[in-house]
Amino acid sequence: MNKQPASQRINNFDEVALGFSEEEALKEARGCLLCKKASCIKGCPVDIDIPGFIKLIKEKKYCEAADKIRDKNNLPAICGRVCPQEDQCERACVLNNKGRPIRIGYLERFVADWDMEHRREMRDEGSVERRALSVERAREDNRTPNASRPTPYALRPTKIAVIGSGPAGLTASADLAKMGYDVTLFEAFHKAGGVLVYGIPEFRLPKSIVAYEVDYVKSLGVAVETDVVVGRTVTIDGLKKEGFQAFFVGTGAGLPHFMGIEGENLNGVYSANEFLTRTNLMKAYLFPGYDTPISVGERIGVIGGGNVAMDSARCAKRLGGKEVVVIYRRTEREMPARIEEVENAKEEGIRFEFLANPTRILGKDGWISGVECIKNTLGEPDGSGRRRPVPIKGSEYMMKLDTLVCAIGQGPNPLLLSTMPELRLTKEGKVDAQQDGAASLGGVFAGGDIVSGDATVIWAMGSAKRAAAAIDLYLKGRKDA
Amino acid sequence: MVMKDENGERIPLTIFDRDEKRGTITIIFQEAGKTTKSLAQLNAGDALIHVTGPLGSPTVIDKAGRIVMAGGGVGIAELVPIARHAKSLGSDLTIIVGARTRDLLILEDELRSLTDRVIVTTDDGSYGEKGLITLPLRRLLEKEKFDLAYCVGPDIMMKNVSLLTEEFKLRTIVSLDANMVDATGMCGTCRVMVGGKTRFACVDGPEFDGHEVDFPEFMLRQKRFVKEEKLALEKFETRCACGKR
C-alpha cells in the first residue's frame, strides 16, 4: 500500500497510509485461497466472514463486501485502519507458511472506503439510509396503535442507555439498534467517537471517517447525546426514572497514569491523554485557527512503548518538534506498539532510547529542562511474559528536553463508577464483569477498556458485541420487557 | 464547560444561578482572554455550540456555622451561590470582598441581601477600605472566632488568605480555577498537589483545603499557556479592529 513520503508527512496531519487502489485490491483478493475452514475468521475478535467478503471483492461487488463485513463489524473503515491485523486474522492466514498472509486489513479498508464513496448508487438497492428511514418510520408507527407496516427489524420500545461513544459504545449501540431496541448513546465530550476522536491522530484515522461511521450508527436509529457526563450531569438513577431499562458502560480507560517521579507537575509535562486530546479532538495543531493551545518545544521526550506513545511521538514531530525521542524501559522486541506504527515513526525520524527509565524530571522556573534516566538491563520474564527491566545501579544520565509526554498507560475512569457504590469493581477499579459483560448489578453491562484495561479497538468491539447479545437475553428474560 | 463555536476551546465557567422553571442557567465571567472576550460579543438569542455541566464535586459546606467568606474579582460570582447555600443551612456569614477599583466590584447588593456584615476593599481606595482583603480579615480573626473560612478569587488572594488563616488555625476552603480540557478527569491538565497528593481540580475539586494546596506550584502551572493565550488574544483583537473599519 502506498504511503505519504515521510519527508512530506511530518509537515502535515493528513493520512499516512493511502489505501489500496482497485487494481491492488483485486490483485490481493485473487491471492486468497477462500479456505473452507477459514483460520483467519478464528483470528478475528468479531468473527468477520473474511473469505466471504474477499470473494465479493473478486467479483467486484465491493459494496456487498462492505455489507458482509458490517454483518459482524459496524465500523469497517475504522478497523481497516487501526486493527492489529498482524496479530489477528493475518497471523492466522494459512499463506503465512508460503511467504506472506493476505493483507486482510488493507482489503477491509478498501471496501469500506469504496462503499463510502459509492453509497449513492447503492441507495436504491436497500442501503443503509433506506433501512434507517424504515426504522424511523417504524418507530413512529410504534407510537400509533394500529401499526401494521412491515419493518426490517422487530422493534421493541425498551430503552437502553449506552454510556461512552468509543469503539465499545458504538458497537453495542449499533448491535442493539439492529435488534430493534430504542438506544440512546451518551458521550461526555462534544463529539462522539471516544478514543477514536480524542486519541488516535488524524494521520492514522481521519476524523471524517469516524464521523461517517458514527453517522452509520445513527442511521440505525441510535440517538446520540453529546455533552452528557453520566454520573455528573445525569445519574444512572435519573436515567432509570426516564425509563431506561438496561445500561451498557463503555467509559474506557480514561484515567491518565503518571510515573510518580519528581518534577511531573512542571510545565511542559503532559499526560498522553492531554497531549493527544489537545492535538486531535481540539485540533491544537491548527492553533490559533482553533482556540485550544498546545506548547511544544524543540526536544520532546515520550515515555512508553505502546501505540499511544507512537501516536504522541508522531504528533510531536508534526507539531514542530526538531528532535523526538521515545524512551522505553525494555527493548524494541517487547514494545507493545504495532510494528507498522513503529516503522512509520522511524521513517519520520523519531529516535528510540531503549532500556531506559526516567527517574526524575528537572526544571527551571517552573518549566521542564530535562529528564534523568537510568539504564536498564533485561531480567527474568514477568507476569506479562516479557523480560522484566532491571535498573543498572549508578547508570543515571541526563537528557535535555523541552517537553515530556507520559504514555505509560491509562486506568479506568472512576467518574461514573464512583457514583455507583453497589457496583462491584476489580482491585484496579475496573468493572468486574462476566464473560458476557454482565456486571454485578442487574441490568448493567460493561465492555471495552473499562473491563479489560487499555486494549485494542477491536477487542473492545468484540466485548461490546457479546454484551449486546447478553442485554438482549436479559431483557427478553424479563416479564416486563 | 462552555465551548463557543466549532473552533472554540473548552473553558470552565461557574454557574452563578439557575431557574428550573425557565430552564436557564446564569453564568458570570470576566473578559480576560480571547474566548471570554468573544463570548462577550454574543447577543441575546445567540447560541453556544456546547455546554456541559454541572461538573466537579459539589460544595463541601454541609452544616451551619460562623463562616467568613472572602472573594475577589470575578470570584465573587462564585461566592454568591455558596453564600446562599451556607445561609440556607442557617450559617452566620461575614463576607469580605475585594476589587481592583470600584467599577470592577460586582454583585454587592446580592451579598448585602445575604448578611449585614459585608466588608469591601479596593486596591485603589475608590470604594470601601483601601488595600487587600487580608487587612480586614486579619482584624476580624484577631477579634472573633469562626468555624470556617471560604475563599474564591485570584490565585494570589487564595494563597494569602490561606496563609493568614493558617496562623489562626482556621479551616479554609479555596475554589481553584484551573485550566481544563475535558473536565471529566481524563487529561490531568488541571492537576494540583493537595496535601502531597496529585488531585484533579475538575473532578476532585474545584474546592480544596487551602492549607494543603501547593500554591507556588499551582500558580506556576497556571502560566503554562500564557504565550499562546497572548497570541490568540492579539490575533482576535486585530481581527476585531479590522472588522470595525
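Hi everyone. Let's start with salt bridges: a search of the whole structure, over all chains, turns up 49 of them. By salt bridge I mean a side-chain nitrogen of Lys or Arg within 4 Å of a carboxyl oxygen of Asp or Glu.

A word on what you're looking at. This is a predicted model, where local features need pLDDT of at least 70 and side-chain atom pairs count only at pLDDT 80 or more, while totals for chains, interfaces and linings use all residues. Residues are numbered from 1 along each chain as its sequence is written, chains are lettered from A and ligands numbered from 1 in the order in which they are written, and side-chain values use heavy atoms, leaving out hydrogens and water.

Now, chain A. The C-alpha trace of chain A spans about 80 × 55 × 50 Å along its principal axes. Of its 481 residues, 57% count as buried. Buried here is under 20% relative accessible area, exposed is over 50%, and partly exposed is in between, using a 1.4 Å probe and protein chains only.

Take Thr403(A) as an example. You'll find Thr403(A) in strand β16, residues 403-406, and it counts as buried because its relative accessibility is 1%.

Lys322(A) and Glu298(A) meet through their side chains, 3.0 Å from N to O. Lys322(A) lies in the loop between α15 and β10, and Glu298(A) in the loop between α14 and β9, so this pair ties together parts 24 residues apart in sequence. Lys322(A) is exposed at 58%, whereas Glu298(A) is partly exposed at 45%.

Compare that with Lys476(A) and Asp472(A), another salt bridge at 3.0 Å, N to O. These two are about one helical turn from each other, because they sit four residues apart in helix α19. Lys476(A) is exposed at 52%, but Asp472(A) is buried at 10%.

Some salt bridges join up, too: Lys3(A), Arg204(A), Asp311(A) and Glu341(A) are among the members of one network.

Chain B has its own example. Glu144(B) bridges to Arg117(B), with the closest N and O atoms 2.6 Å apart. That pair links distant parts of the chain, 27 residues apart, with each partner in a loop.

Finally, how do the chains meet? In the interface, 39 residues of chain B are in contact with 40 residues of chain A. The area buried between them is about 3300 Å², with carbon and sulfur atoms giving 57%. Buried area is the accessible area (1.4 Å probe) that two parts lose on being put together, summed over both.

How many salt bridges are counted between chain B and chain A? The count is one: Lys34(B) with Asp291(A), where the closest N and O atoms are 2.6 Å apart. On the chain B side, α7(B) supplies the largest share of the touching residues, four of them.

Conventions
Contact means heavy atoms within 4.5 Å.
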